[in-house]
Amino acid sequence: MRSFRDAKQMAKSLRETMAARQVTLSHSETLEIVARQFGYDDWNVLAAKIGDTAPDAPAAATDGAVRLQMGIPVLRIFDEAKAKEFYLDFLGFTMDWDHRFGPNMPLYMQVSRSGLQLHLSEHHGDASPGSTVFVWMVGIHALHAELIGKRYTYSKPGIEEDGPGGRTLQVPDPFGNRIRFCEKRG
């Protein structure tokens, strides 16, 4: 039995099932439907609830040691629709949450896929366009086949077999940023 912690996977399954029946739903529409099925007004409320059940932060260092956690890159975006088309539809990320300080204010959102989290921001000064994020991964050929199979008009990435560190699949976003997916040589 699935719980609300499985909401993102449930939304993906719903979208795929409906697509097989020639009913097109956007990723965000399926997230909203799943949120309502769990009795929440919208995805943002459910996402906050899911976040409430996340594991506790590491205990404070009592020995005076510094303990860092994994960082989350912030990438500058300029167009919400293009960002969602690229990160959600093409790369297959899930939107975890989004935030605006008010109507007609810049968007700030978190997307994730398979343990990788990215923050996307329309806020001036949050990040510089043209940034690069390096991501270690396993299954680079499967990811490449998935992306090419989507027939995304604006990107046809290829694998560089001898990239620094291993096989590299570099994917540029519509805003000049690049994600370098890299798989170590076996």
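These are my notes on a predicted model of one protein chain.

**Ground rules.** I number residues from 1 along each chain as its sequence is written, and side-chain values use heavy atoms, without hydrogens and water. Because this is a predicted model, local features need pLDDT of at least 70 and side-chain atom pairs count only at pLDDT 80 or more, while totals for chains, interfaces and linings use all residues.

**Whole chain.** I looked up the elements and found 5 helices and 8 strands (DSSP runs numbered from the N terminus: helices are H or I, at least four residues; strands are E, at least two). From the N terminus their order is α-α-α-β-α-β-β-β-β-α-β-β-β. Of the 186 residues, 33% are buried (under 20% relative accessible area, 1.4 Å probe, protein chains only).

**Helix H1.** H1 covers residues 7–20, and its 14 residues reach 20 Å from first C-alpha to last, close to the 20 Å expected (1.5 Å times one less than the number of residues). Just after H1, I noted a positive phi of about 60° at glutamine 22.

**Threonine 94.** I placed threonine 94 in strand E2, residues 94–99. It counts as buried because its relative accessibility is 12%. Setting aside residues up to four places away in sequence, threonine 94 touches Lys8, His27, Leu31, Leu88, Gln110, Val111 and Ser112 (contact: heavy atoms within 4.5 Å).

**Serine 155.** I found serine 155 in the loop between helix H5 (140–149) and strand E6 (159–163). Its relative accessibility is 7%, so serine 155 counts as buried. Beyond its neighbours within four places in sequence, serine 155 contacts Phe90, Val171 and Pro172. From serine 155 to valine 171 I read 7.4 Å, C-alpha to C-alpha, across 16 residues in sequence.

Terms used
Buried means under 20% relative accessible area, exposed over 50%, partly exposed in between (1.4 Å probe, protein chains only).
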